[in-house]
Every structure is written in C-alpha cells, then in structure tokens.
Amino acid sequence: MPADIRKTLLHVEKTLIEGGKAAEKPLTLIAAMAVIRNPWTGLGFVDDLSPAIHDCAPELGALLTKMVLDAAGGGDKVEGYGKSAIVGLNGEVEHASALIHTLHFGNHYRNAVGAKSYLSFCNTRGPANAPLMIPLMDKHDGGKRSHYLTIQTSVADAPAADEILIALGASIGGRPHHRIGDRYKDLKEMGHDVDNPAAV
C-alpha cells in the first residue's frame, strides 16, 4: 500500500535582518512536510520493515522533493538541505528512521538538487505539535559552516499517536552574517589533515 497521507504542509521563512543588520542576501528556509498514517500501526513488533519502506518511501521522497523545488524555483537554487521525521507516541523511532534513512527516499532530493553531501537528519518521537527540527548543511560541502542551519517548526495536530510527520528542508543562502570560518581553516590552524580531521 502506498503512503496514507492525511495532509501536506509547506513552511517558508525569509530572514531580512539578523543581529540588527540587514542581510546582504536574505536567507530563505523551506520545509516540505507530509503527515502520514504509520504503516506499522497495530502490527506489534515487526522484524522486516522493508515492504512498507518500499511501498511508502519513494512516493514521499518524490512528493516532498517537488514541493521544495516548486517553492525554491528549481533544484539549482537550493544550497543547504536536510531531512527529518517525528513518529507519534505509539510508534518506534525506528519507524521514523525507516522512511527517511533509505536511498528510495533521499535520492529523489539528492539527484534533483545535484548534491554531493549526505543529507543531515533528525528522527524523534513525540506528540502533536512536537518541535520539528531539520538540520541543514551545504549540499556540496559538509565543511562549509555558513550553511549549518536548523529549520524549526511544528504541526499543531501532528503527529497523532498513529502517525509519522516526514519532512525535507532547504535553504537558499547561508546564515546572513556568518563569520566563524569553516572547518578547513580550523584544520590548517591545528595542523590536521582534511582526510583525518580528528588526527587519530
């Protein structure tokens, strides 16, 4: 069975002033969300989650990717990206993880924006109106700190106990006045190799 989608939501915010100073390039954050019935509700402990993953994840990945791209004006506009899921209180965190931590879900987004980085993520369990946090990073460069961002929002009536809230996030731009450098500057200062940042 495909995903039983109760509703979709689109969150768009634009930051024009940060720290009392106008942004040279305003930051746009986009979150595309779907509230679905948890496909494992009422089944008890399920050993093999893959059938429902294959049934639901591709459709959700395609749907949410299209919502992000429509809001952004195309995949080339997306600079930072990430994903998140909240499972309702009757579900397992594994259920939230199952639908977003699969290439059947994430590759729709990755390919559409031409990304090289992995999709940063958050997966939690909570009640309706639980905070939805979508961590973002630059789609090409995981060490580019200007795009270390987090979208924060919530859905007043979701997830219900038998639902999962699934989301993709995007940024157009980075933090307006980023000034902490990137990890490569730190590595150079510390004399560490980029391929072995912990020097172990």
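Colleague: In which sense, left-handed or right-handed, does H1 pass H3?

Modeller: This is a predicted model, and in it the crossing of H1 and H3 is right-handed.

Colleague: Why are H1 and H3 called roughly parallel to each other?

Modeller: Their axes cross at roughly 25° and come within 7 Å. Angles under 35 degrees count as roughly parallel, and H1 and H3 are therefore described in that way.

Colleague: Which residues make the contact of H1 with H3?

Modeller: On H1 they include His 54, Ala 57, Leu 60, Leu 64 and Val 68. On H3 they are His 104, Phe 105, His 108, Tyr 109, Ala 112 and Val 113. By class, 11 residues of this contact are nonpolar, five are polar and none is charged.

Colleague: What makes a set of residues a nonpolar core, and which members of the largest core touch the most other members?

Modeller: The members must be buried residues of the listed nonpolar kinds, joined through side-chain atoms within 4.5 Å. The largest such core here has 35 residues, and Leu 60, Tyr 109 and Ile 166 touch the most other members. Strand S2 (21-37), helix H1 (50-72), strand S3 (80-87), helix H2 (93-100), helix H3 (103-113) and strand S7 (163-172) each supply at least two of its residues. H1 gives the largest share, 10 residues. Apart from this core lies another, of 16 residues, among them Met 33, Ile 86, Ala 130 and Leu 149.

Colleague: Which residues does Ile 166 touch, not counting those up to four places away in sequence?

Modeller: Among them are Ala 32, Leu 60, Leu 64, Ala 85, Leu 99 and Phe 105.

Colleague: What makes H2 largely enclosed by the rest of the structure?

Modeller: Six of its eight residues are buried, so H2 is largely enclosed. The buried residues are His 95, Ala 96, Ser 97, Ala 98, Leu 99 and Ile 100. They pack against S2, H1, S3, H3, strand S4 (120-125) and S7.

Colleague: How do you know whether Ala 115 is buried or exposed?

Modeller: Buried means under 20% relative accessible area. Ala 115 has a value of 17%, so Ala 115 is buried. This residue lies in the loop between H3 and S4.

Colleague: With which residues is Ala 115 in contact, leaving aside its neighbours within four places in sequence?

Modeller: Ala 115 is in contact with Tyr 81, Arg 110, Lys 139 and His 140. By contrast, Val 46 is 33 Å from Ala 115, C-alpha to C-alpha, and 69 residues apart from it in sequence.

Note on methods. Residues are numbered from 1 along each chain as its sequence is written. This is a predicted model: local features need pLDDT of at least 70, side-chain atom pairs count only at pLDDT 80 or more; totals for chains, interfaces and linings use all residues. Side-chain values use heavy atoms; hydrogens and water are left out. Buried means under 20% relative accessible area, exposed over 50%, partly exposed in between (1.4 Å probe, protein chains only). Helices (H or I, at least four residues) and strands (E, at least two) are DSSP runs, numbered from the N terminus. Contact means heavy atoms within 4.5 Å. Axes are lines fitted to C-alpha atoms, for helices over the stretch in contact, and angles run from 0 to 180 degrees between N-to-C directions. Angles under 35 degrees count as roughly parallel, over 145 as roughly antiparallel, 65 to 115 as roughly perpendicular and the rest as oblique. A crossing is left-handed if the near helix is turned anticlockwise from the far one by less than a right angle, and right-handed if clockwise. Ala, Val, Leu, Ile, Met, Phe, Trp, Tyr, Cys and Pro count as nonpolar, Asp, Glu, Lys and Arg as charged, and the others, Gly among them, as polar.
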